[in-house]
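Student: Could you show me how to read the features of a protein model, one at a time?
Tutor: Gladly; here is the model, and we will go through it together.

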Amino acid sequence: MTELTRTLGTASPLTVSSMGLGCMGMSEFYGAPDEAAGLATIHRALDLGITFLDTADMYGPFTNEKLVGRAIAGRRDEVQLATKFGNVRGPNGERLGIDGSPDYVRSACDASLQRLGVDHIDLYYQHRVDPKVPIEETVGAMADLVTAGKVRHLGLSEASAATIRRAHAVHPITALETEYSLFTRDLEDEILPTIRELGIGLVPYSPLGRGILTGRLTAESVAQERDSRNTRYFPRFQGDALEANLRLVDRVKEVADAKGVTPGQIALAWVLAQGDDVVPIPGTKRVAYLEENAAARDIALTADEVAALTDAVPREAVVGPRYGDMSSIDNG
């Protein structure tokens, strides 16, 4: 039976659909944007009970929030809406750094509310930690947004364990969004134990390893125009590293074939099996892939199958760091 909801956080709990939808790729980074396909995908997601939608002001830039806003018009009450601030971009897409200053927090929230066409954001994340601004000041300003009714719950993205503790002491943090999949498990060492101690939920982005765990990805498919995976920004998708990593995917396929499901579905089922405080947000801009991902909610893995998948992709076997430039990732 499909598990329809999960609850993120205990001090400031937010009940969301058990799987969310990452909307970023509808507007940027993974090939040409397709607004009509994006709208159709979001509408289908809501019909399937995938109502936890994830966006950010920087996606597009600025266009993804507008797309999500159009998609949920008339259906706002069905949706748990998450967006982010902090990665500053200009109107032409230029990256202008990270800003966690209180004034920026306030202005960014107001701009997101306007683009989304809503009166509140259910979960508002700091997208990246600003090393120039004490986290207490940033979260203090975010807490003011809760008091003002503009935001319901607070989150962090790519924050270290130490930063999470400091933030949570200012205002309850409901969720941490960070990369987590069979291909990326470094948070298991310190971050995951910390958020569980504090009662903070986990929202894994890229739970399919940026598509590699679907089993459909090839060197040729990554080479399409406007696909950011075909750049030095993502070393795991370059040359020999990609070849080695695709061999790991073949091992995941073996477990999936034995289960009678797709590699992507079993990879998502593995993430879902990591705890009922974990809500993955696989991204797609195609209805067919959304439907495939949604079916992973029905897959019950045995302890032996979870172990087999974990063993199929040893942490040290994945070739290449997850980003070519890790400087924006908080090490607290």
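**Reading the model feature by feature**

Tutor: P61 is placed in the loop between strand β4 (52–54) and helix α2, where helices (H or I, at least four residues) and strands (E, at least two) are DSSP runs, numbered from the N terminus. This is a predicted model, in which local features need pLDDT of at least 70 and side-chain atom pairs count only at pLDDT 80 or more, whereas totals for chains, interfaces and linings use all residues. Residues are numbered from 1 along each chain as its sequence is written, and side-chain values use heavy atoms, with hydrogens and water left out.

Student: What kind of peptide bond joins G60 and P61?

Tutor: Most peptide bonds are trans, and most residues other than glycine have a negative phi. The bond that joins G60 and P61 is cis, with omega at about -5 degrees.

Student: Which residues have a positive phi although they are not glycine?

Tutor: E158 has a phi near 55 degrees, a positive value in a residue other than glycine, and R210 has a positive phi of about 60 degrees although it is not a glycine either. E158 is found in the loop between β9 and α5 (161–170), while R210 lies in the loop between β11 (201–205) and α7 (219–222). There is also a glycine to look at, G117, which takes a positive phi of about 70 degrees just after α3.

Student: Is E158 buried or exposed?

Tutor: Buried means under 20% relative accessible area, exposed means over 50%, and partly exposed is in between, all with a 1.4 Å probe and protein chains only. E158 has 4% relative accessibility and therefore counts as buried. R210 is buried as well, with a relative accessible area of 9%. V146, which lies in helix α4, has 23% relative accessibility and so counts as partly exposed.

Student: How do I check the length of helix α3?

Tutor: The expected span of a helix is 1.5 Å times one less than its number of residues. Helix α3 (residues 102–116) has 15 residues and should therefore span 21 Å, and its end C-alpha atoms are 21 Å apart, which agrees.

Student: Which residues of α3 are buried, and why do they line one face of the helix?

Tutor: The buried residues of α3 are Y104, V105, A108, C109, S112, L113, R115 and L116. Seen down the axis of α3, these buried residues fall within an arc of 165 degrees, so they line one face of the helix; the arc is that of the directions from the helix axis to the C-beta atoms. The face of α3 turned away from the buried side carries the exposed residues D103 and Q114. Among the elements that the buried residues of α3 pack against are α2 (63–72), β8 (121–126) and α4 (135–147).

Student: Where are the buried and exposed residues in helix α11?

Tutor: In helix α11 (residues 303–312), E305, V306, L309 and A312 are buried. Seen down the axis of α11, its buried residues fall within an arc of 125 degrees, so they line one face of the helix. On the other side of α11, A303, D304 and D311 are exposed. What covers the buried residues of α11 includes α8 and α9 (263–272).

Student: Which residues is N245 in contact with?

Tutor: Contact means heavy atoms within 4.5 Å. N245, placed in helix α8 (residues 239–259), is buried with a relative accessible area of 0%. Leaving aside neighbours within four places in sequence, N245 is in contact with F183, I212, R236, A317, V318 and V319.

Student: What does the side chain of D130 reach?

Tutor: D130 is in the loop between β8 and α4, and at 2% relative accessibility D130 counts as buried. The side chain of D130 reaches the backbone nitrogen of K132 at 2.9 Å. Apart from neighbours within four places in sequence, D130 is in contact with I98, D99, G100 and S101.

Methods
A polar contact is a pair of N or O atoms within 3.5 Å; within protein, one must be able to donate a hydrogen and the other to accept it, and residues adjacent in sequence count only if both atoms are side-chain atoms.
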